[in-house]
Amino acid sequence: MGGLLLFLLKAGSRNQLNNLRADGHFSAHYRQMFHMELPHQDVVFDVLCQLPPAELDQVKMDVMSPLFEQKWLRPFRLLNRYYTIAVDATGVVSFDHRHCPHCLTKKSKNGKITYFHYVLEAKLVTSNGLAFSLASEWIENPEGDFDKQDCERKAFTRLVAKLKKQYPRLPVCILADGLYPYEKAFKICEDYGWKFIFVLQDKSLKTVQEELTLTRRSQPAATYYTIDQGWRITKEYRYQTGIEYHKKYTLNWVQCIETRKKPPKPSKQTPSPQSLEKNSCFEYVTNIAPDRENVRAIGYAGRLRWKIENEGFNTQKCGDYELTHKWSQNSYTALQNCYSLLQIAHAINQLIEKGKLITEILKRRPKETIHNLWLRLKSYMIFCLPQISIHSPEKEDRIKPAPA
Ligand SMILES: [Zn+2]
């Protein structure tokens, strides 16, 4: 709990939380809320250096499992069946010296070696911007001698095994970037009974690319028009089914060409401006059979992959969680444990931030920010006396007034 609070409160560093702990009524609030004492962060860190990372990793997965029992996640399923799980890797920390025996290394042109840690994530992503870490796998080198460094594809095999073990019957659709259209990933998804939507890049799957030459120039199978913040958006979908790959796998292809146009706004400086236009093309390979009715949903799910980068990694790096902070200068165990705690705290906070309590405040005060609300929470805990609950008088005497 002491470690989790670091991320729940977005304290920024262990030192900051120690300062809060010593300030005003903060510890009394903590005691009232959780019915326990808040330990000094040095003590918490000693535990995090010794606790095997698999323990907290499992706690994290056990915390996430009940999400699927709650019916409110159901409307976010693809084609009313599949939970969309994005897989991607992100850098956590880097050092200019060896941090632990498991560091990955990279040599730059001038011979300088960087030591770093990457983690591969499987996050449940939803259209309303939720990203929950369901499983994590560190990309790490073994201790002692080895031929080749660990890599994302090797970690993928370990990650999905973990995911399958935790959620054996969950209808899954894996969303991943251009690194993933390769034979082993197709086989894993087939063996596990999972669906996949992988980004297809120009140079990958040569034989598939050859089959698509004509279809790319064909009439779109479906076209949709929408308007968003003054932009007129046209989305053209094309698809092709039954593409054989290595005579073992049958793949399907989905393409979405998006054209965004903004009508010109004449002004004094530019009396006859040109309209703005942006074009983008997205292509995917999938084992879901597309048709005129579902091609839009498949294309939309393919683009949900971005949520792992935006709502997942970017929020954790820039949104006060300090994912890339050097939480441990020399213990890989503590680093991994801090990472698991951050994932648990982020999941809890997302549920709070999307809940009624916070969304109603944001509706009433459109210029309010989540960052500011958390600052206010911390200020409240320091400066305001804890309210004594009338329902549980036995707890009253546990609340001692803070020193002046
Ligand atoms: Zn290391």
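Contact is taken here to mean heavy atoms within 4.5 Å. The structure is a predicted model, in which local features need pLDDT of at least 70 and side-chain atom pairs count only at pLDDT 80 or more, whereas totals for chains, interfaces and linings use all residues. Residues are numbered from 1 along each chain as its sequence is written, and side-chain values use heavy atoms, with hydrogens and water left out.

The chain contains 13 helices and 10 strands, assigned as DSSP runs (H or I of at least four residues for helices, E of at least two for strands) and numbered from the N terminus. Its C-alpha atoms fill a box of roughly 75 × 65 × 50 Å along the principal axes. Of the 404 residues, 46% count as buried, a term that denotes under 20% relative accessible area, with exposed meaning over 50% and partly exposed the range in between (1.4 Å probe, protein chains only). Among contacts between residues at least 6 apart in sequence, 65% join residues at least 24 apart.

In soluble globular proteins, nonpolar side chains tend to be buried together. A nonpolar core is defined as a set of buried Ala, Val, Leu, Ile, Met, Phe, Trp, Tyr and Cys residues joined through side-chain atoms within 4.5 Å. The largest such core in the model has 49 residues, and those with the most contacts inside it are Ile85, Leu120, Phe156, Leu163, Ile174 and Phe198. Helix α6 (residues 152-166) supplies the largest share of this core, namely five residues. Apart from it lies another core, of 38 residues, which includes Leu9, Leu20, Val119 and Ala345. When residues up to four places away in sequence are not counted, Leu163 touches Ile85, Ala122, Leu134, Ala135, Ile174 and Trp194.

The structure holds zero disulfides, where a disulfide is a pair of cysteine sulfur atoms within 2.5 Å. For Cys189, the closest cysteine sulfur is that of Cys173, at 8.4 Å, which is too far for a bond. Cys189 is buried, with a relative accessible area of 0%, and Cys103 is likewise buried, at 1%.

Thr215 is placed in the loop between α8 (206-212) and β7 (222-228). With its neighbours within four places in sequence left aside, Thr215 is in contact with Arg238, Tyr239, Gln240 and Trp253.
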